[in-house]
Amino acid sequence: MGTMDDGRRKILLDIDALKCSYGADMVLDGVSFSLHAGEILGLVGENGAGKSTLVKCVMKLVKPCGGRVVCDCRVAAIHQEFNLVRDLRVYENIFLGRELRGRCGLLRRSRMRRLAAVELEKLGAAVDPDAKLTDLSISERQMVEIAKATIVDSAVLIMDEPSTLLNAEETGRLFAVMRGFRDAGGAVIYISHKLGEVLAVCDRVAVLRDGVLVDVSPSGALTPVELAGKMVGRELTCLFPAKLPPAEGEWVMKAEDVRAGAAVRGVSFELRRGGILGIAGLAGSGRSELAETICGIRRMTGGTLRLFGRAVKITSASDAAAHGIAFLTEDRQESGILGDFTVAENVTLSSLRRYLSCGFIRFGRENAAAADYIGKFGVKCRGTGDLLRNLSGGNQQKVAIAKNLDNRPHVFIFDEPTRGVDVAARRDIYDFIHDLAASGVACLMICSDLEELLGMCGRVMVMREGRTAGFLSGGELNEQEIIYLATGVER
Ligand SMILES: Nc1ncnc2c1ncn2[C@@H]1O[C@H](COP(=O)(O)OP(=O)(O)OP(=O)(O)O)[C@@H](O)[C@H]1O
Ligand SMILES: [Mg+2]
């Protein structure tokens, strides 16, 4: 596009008075901004503010009802929800829909494999292009999804929450790739709820609130708290609820040298009624695998798990639910919730028995329960009959928590509970976990965000290489001690 902004930089993408609605709901209401060559523009806003919808309008996946998107260069996008085919190999996914063919239309498999390997290497992802997608961890899948977009020779790259599933090191490599892309004259739109990161990597930040663009500022002019304030439209104060003291009550769950293959190699802890035990550790330290083992998703190969004093064998997820163990997985799309079901159906999915009467579902009761959770969590939707996939990503996470709660568990295991959740809603979830623990449920919280872990947990178990590396509480519970135990490196 020939247009120049103030006579200097080329405008690659121009969004002009864009409007978009789903039914009667105006989701984008007159949004205008331009994206310049050589910049990374952050796009932030609360869950449901319209960020992903904006991306879909630019990619022509959703038809706007007003305004226009002017762009005559190629745009590649990473969408918030994965678009990968589970049964295909990594390189097949990367080239899906734009396979390279030689003469006679034959697939050029080895060339695609090679190019995929180069792209993954650039991202610093140790992923075999020939691996089946089902054999990858979710952060590896995210890397494949990123490679699928960066391999396209485009001028604009749009990334909708690409870093939610990545650890600090992977995020750092992603940022290096984004900066390289920008410095080569491209432009990036970067969407994330990690406001500190947004300010670090972006040149400017645009804020969407309820479908309206309320601010665009240079990143240097803002602090994370100020940015959060612009998102929610009021000043924000404390991010965490008052910390609970380490639980003194009776113990509910006791793990003794629990093992599961190579991933979990001897973990012991006690979980007491009314407490929140945090689990820290680097990626690959076995935190999620431990949770999966406790919940019967992964086979326990050694050690003992006790509940209320009795040794138990938990061999399936439904077994865990029957024992009063709830589990919020880190991978919402895999096992948490079902997109094609309504909000109400999802909430009552694992506790359906309570809503049955002579074999029939009592829809009134089901809807009332769901409406109750929607109110409690501030889930943004039109009603309990909305299909889950029509909710924004962060709101889906809130429904996933409600679904587990409806089963009235004794033990609640949270694996990265606030992933993809905006600042204000994060506080709602923190309050919720806090109240849940205070009401006597024993909580286990896996979390990569140290600030979050320290803000919520009175006691933290640190894992290293599949084992318990140590416990921290009181004065010892701080960032340095956690990192020390997690890495085993002397200060
Ligand atoms: N297909 C759809 N049908 C009906 N409503 C939808 C659909 N997709 C999104 N919405 C609604 O549009 C609003 C904006 O959603 P969008 O996904 O753009 O939010 P977002 O800013 O990306 O939020 P998040 O941070 O949670 O990802 C939400 O209220 C959502 O419920
Ligand atoms: Mg979104």
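Which residue in E10 stands opposite alanine 206?

A: It's valine 216: alanine 206 faces that residue in E10. Before going on, a word on the model: it is predicted, so local features need pLDDT of at least 70 and side-chain atom pairs count only at pLDDT 80 or more, while totals for chains, interfaces and linings use all residues. Residues are numbered from 1 along each chain as its sequence is written, and chains are lettered from A and ligands numbered from 1 in the order in which they are written.

Back to our spot. Strand E9 (residues 204-209) and strand E10 (residues 212-218) run antiparallel, joined by 6 bridges. (Two strands pair if DSSP finds at least two bridges between them.) Together they make a hairpin with 2 residues between the strands, and aspartate 210 in that turn has a positive phi of about 45°.

Zooming out, the protein chain holds 16 helices and 22 strands; these are DSSP runs numbered from the N terminus, H or I of at least four residues for helices and E of at least two for strands. Its radius of gyration is 23 Å, close to the 23 Å that the globule rule gives for 491 residues, so the chain is as compact as a globular protein of that length. (That radius is taken over C-alpha atoms, and the rule is 2.2 Å times the number of residues to the power 0.38.)

Then there are the domains: domain 1 (4-232) and domain 2 (251-487), with bounds from an automatic or database assignment. Their C-alpha centres lie 29 Å apart. The contact takes 17 residues from domain 1 and 18 residues from domain 2, where contact means C-beta atoms, placed from the backbone, within 7 Å. On the domain 1 side, helix H4 (138-150) and helix H7 (224-232) each supply at least two residues, and H7 gives the most, with 3 residues. That side divides into 5 nonpolar, 8 polar and 4 charged residues. (Ala, Val, Leu, Ile, Met, Phe, Trp, Tyr, Cys and Pro count as nonpolar, Asp, Glu, Lys and Arg as charged, and the others, Gly among them, as polar.)

Now for a sheet. Six strands line up as E16-E19-E20-E13-E21-E22, in an open sheet with mixed pairing. Strand E16 (325-328) and strand E22 (467-473) sit at the edges, each pairing on one side only, and the twist averages 20° from one strand to the next. Inside it, strand E19 (residues 411-415) and strand E20 (residues 442-446) pair in the parallel sense over 5 bridges, with isoleucine 413 partnered by leucine 444 in E20. H13 packs on this sheet, touching E16 and E19, and its direction makes about 170° with that of E16. (Axes are lines fitted to C-alpha atoms, for helices over the stretch in contact, and angles run from 0 to 180 degrees between N-to-C directions.)

H13 also turns up at ligand 1. The shell there has 20 residues, with Tyr22, Asn47, Ser52, Ser392 and Gly394 the closest; to be near, a residue's C-beta atom, placed from the backbone, must lie within 6 Å. Helix H1 (51-58) and helix H13 (393-405) are the elements giving two or more residues. By class the shell has 5 nonpolar, 12 polar and 3 charged residues, and domain 1 and domain 2 each give at least three.

Notes: Two residues are in contact if their C-beta atoms, placed from the backbone, lie within 7 Å.
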